[in-house]
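I opened a new page to note what I looked up in one structure. The entries follow the order in which I checked things.

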Amino acid sequence: MQRTSSEPLDLLETAVEIARRAADTAARMRAEAVSSTIDTKSTDTDVVTAADRAVERQIAEELRTLRPGDALLGEEYGSAGEGAAVRWIVDPIDGTVNYLYGLPQYAVSIAAEVDGVVLAGVVRNAATGDEWTASRGGGAFHDGRPIRGSRQTVLAQALVGTGFGYDAARRTHQAAVLSGLLPHVRDIRRFGAASLDLCFAAEGLIDAYYEKGLNPWDHAAGGLVAREAGLTVAGLDGAEPGLPMVIAAPPALFGPLHDRLSALDAAGGA
Ligand code: LIP
């Protein structure tokens with residue numbers, strides 16, 4: 001039965017159904033790969049790439065069946081169906097290094113955008129089953145429980161999440177930014193999956209999060225969860241969150257963190 005609604009809760013229902021099946025596939029493939037890698041000596045990277053691609057194909061096929069007129073932007077296969085009002089933004093496995101190592105911090109992230117505005121999003125930890133959801137104007141939830149971000153107001157007492165790119169030149173600059181920020185916050189946490197980092201900030205498990213170099217599929221769903229939990233989610237100098245910078249923080253912390261990151265040229269470098 002094809003679906004055409006662009007109502008946030010209807011979009012969320014579809015995203016959640018698909019994300020749950022996709023997360024099961026990711027978990028199953030990892031379990032199978034652990035045994036097969038030992039038997040076939042295929043490379044770890046092949047294992048991760050195979051799972052990434054298989055999960056995105058599954059998501060894309062289910063979306064084509066349920067919502068044939070919609071567009072899709074996925075990490076592995078890029079864009080399809082340009083120009084449609086509804087676009088699905090998909091990261092099949094966010095936290096691929098964690099997936100490779102078996103660290104239980106990797107997620108399926110699916111967001112639904114209508115006319116350029118994200119209206120629904122789900123982030124499902126494929127290792128633990130933890131699931132964060134949000135719909136625009138409808139609040140943010142962890143396993144169905146309403147969540148709100150941190151009430152921390154002092155940057156020096158803030159636990160701040162971040163992440164680093166893969167490119168050595170970019171990591172050099174990110175390390176310099178980190179060393180400039182570290183003396184001014186309580187501490188730093190690096191979990192390895194942006195979508196989950198944003199959900200942790202939405203729940204107050206960390207006080208704030210920032211990262212340079214995120215693609216739309218990394219932050220579309222988690223960014224809505226954070227926004228609906230009361231956080232400010234933006235780039236530097238009033239920009240939308242995007243490749244140069246994503247900052248997610250409670251309003252009282254956003255300014256001090258933003259200004260510190262701006263002074264450190266956090267959006268600069270490679
Ligand atoms: C990851 C991001 C994370 C970043 C990692 C990596 P991937 O995405 O979610 O925030 O710090 O370097 O880019 O590559 O695992 O899908």
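**Entry 1: the model.** I am working with a predicted model, in which local features need pLDDT of at least 70 and side-chain atom pairs count only at pLDDT 80 or more, while totals for chains, interfaces and linings use all residues. Residues are numbered from 1 along each chain as its sequence is written, and side-chain values use heavy atoms, with hydrogens and water left out.

**Entry 2: annotated sites.** I looked up "binding site" in UniProt, and the unreviewed entry gives Glu75, Asp91, Asp94 and Asp218. These four span 144 residues in sequence, but no two of their C-alpha atoms are more than 9.4 Å apart, so they gather at one spot. Glu75, Asp91, Asp94 and Asp218 are also in the lining of the largest pocket. I noted that a pocket is an open set of points on a 1 Å grid over the protein atoms alone, where a 1.4 Å probe fits, with protein on both sides within 12 Å along at least five of seven lines; lining residues have an atom within 4 Å of a point. The unreviewed UniProt entry lists Ile93 under "binding site" as well. Such annotations may be inferred rather than shown by experiment.

**Entry 3: Asp91 and Ile93.** I found Asp91 in strand S3, residues 86–94, and Ile93 is in strand S3 too. Strands are DSSP runs of E with at least two residues, and helices are runs of H or I with at least four, numbered from the N terminus. Is Asp91 buried or exposed? Asp91 counts as buried because its relative accessibility is 0%. Ile93, at 2%, also counts as buried. The cut-offs are under 20% relative accessible area for buried, over 50% for exposed, and partly exposed in between (1.4 Å probe, protein chains only). Leaving out residues up to four places away in sequence, Asp91 touches Glu75, Ala107, Val108, Ser109, Trp217 and Asp218. Contact means heavy atoms within 4.5 Å.

**Entry 4: Asn125.** I placed Asn125 in strand S5, residues 117–125. At 4% relative accessibility, Asn125 counts as buried. Asn125 and Tyr99 are 26 residues apart in sequence and 11 Å apart in space, C-alpha to C-alpha.

**Entry 5: Leu100.** I found Leu100 in helix H3, residues 96–101. Leu100 counts as partly exposed, at 30% relative accessibility.
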